[in-house]
Amino acid sequence: MEYDSAVELVTRLVCRIRNVAAEQVNTDVDLQDVLGFDSLDAAELVAAIHRETGMELAVSSFSDLRTIEKISRSMSDTRVVLP
Amino acid sequence: MISAGGKKFDELDPVWLLNQYRAAEISGAGAIMRMSRLADEQQLSTDLSRHLRDESLHAWLWTKALDDIGGEIISVDEPYQTRLSAHFGLPRSLNDLLALTWISECRGVEQYQLHLDVREVPKNIRQTLRAILRDEEWHVAYIREELERRAKSDAAIHQTIDRALGADAKAVAELGRMLPPLDQRRTT
């Protein structure tokens with residue numbers, strides 16, 4: 001997946017999960033410290049990415065999901081494996 | 001003694017147990033709310049919406065039960081679901097979340113049934129347990145059916161359920177070190 005497309009998708013999902021406007025969110029904003037992401041938010045985000053792209057992110061813990069930029073980089077480096 | 005919410009509780013204190021129930025229902029509501037946004041079919045969306053209503057209602061019923069006995073609401077840092085998730089790892093799909101929720105609901109039924117079997121349970125708590133159990137049994141049934149339906153096109157779900165069962169065993173072992181057998185617990 002292209003990095004820019006990943007950023008667009010992750011931003012949309014983060015905004016939906018935290019109920020914030022896209023203008024309030026930068027790609028380097030700390031999802032946990034600034035937007036109050038908790039482990040359930042993280043699970044919803046990863047599952048939503050899976051639903052929309054078929055992609056299983058190579059993250060092992062909540063702390064791997066700190067920023068939109070980091071998540072999008074991970075997505076652009078991940079190959080989609082269809083079931 | 002057990003520490004919770006900055007306070008010390010006798011391990012047989014019903015206030016502590018009812019707070020555990022309340023926290024588990026609230027935690028469940030949070031998870032179901034998120035799953036309802038991920039639902040990919042109409043029937044699952046409908047079932048999860050009803051389930052979300054149930055979890056919220058159950059949290060209220062335990063809150064009321066606590067209030068009725070003059071029990072303080074305390075913060076429970078690590079309810080069963082938190083421990084379950086910690087051992088399972090970050091869920092990565094709706095299937096992961098469904099499997100974890102099914103295991104969690106099975107545990108809920110078991111715990112509430114055990115409590116109901118204690119002879120000295122006060123009438124108001126018994127009524128609450130019975131009402132909640134009816135809902136919990138439906139939760140177990142509809143999620144099991146959904147997992148079985150999904151397993152027809154994705155056999156990996158069986159491995160996911162096995163992982164969730166392994167996480168459950170570890171979570172229960174931890175809680176078992178904190179919880180005395182129900183028949184030894186004091187009732188109000």
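Leaving aside neighbours within four places in sequence, which residues is B:Q81 in contact with?

1. They are B:A24, B:S27, B:G28 and B:S104, where contact means heavy atoms within 4.5 Å. B:Q81 itself sits in helix α3 of chain B, residues 80–88; helices here are DSSP runs of H or I, at least four residues, numbered from the N terminus. B:Q81 counts as buried because its relative accessibility is 15%, and buried means under 20% relative accessible area with a 1.4 Å probe, protein chains only.

2. A quick word on the ground rules. This is a predicted model, where local features need pLDDT of at least 70, side-chain atom pairs count only at pLDDT 80 or more, and totals for chains, interfaces and linings use all residues. Residues are numbered from 1 along each chain as its sequence is written, chains are lettered from A and ligands numbered from 1 in the order written, and side-chain values use heavy atoms, leaving out hydrogens and water.

3. Now look at where the chains meet. Chain B gives 13 residues to the contact and chain A gives 21. Between them they bury about 1,400 Å² (accessible area, 1.4 Å probe, lost on being put together and summed over both), with 58% of it on carbon and sulfur atoms.

4. There are 3 salt bridges across this interface (a Lys or Arg side-chain nitrogen within 4 Å of an Asp or Glu carboxyl oxygen). One pairing to find is B:R34 with A:D41, whose closest N and O atoms are 2.7 Å apart. On chain B's side, α1 (14–38) and α4 (94–116) each give two or more residues, and α1(B) has the largest share, with 6 residues.

Terms used
Buried area = accessible area lost by both parts, 1.4 Å probe. Buried < 20%, exposed > 50% of the residue type's maximum accessible area, 1.4 Å probe, protein only.
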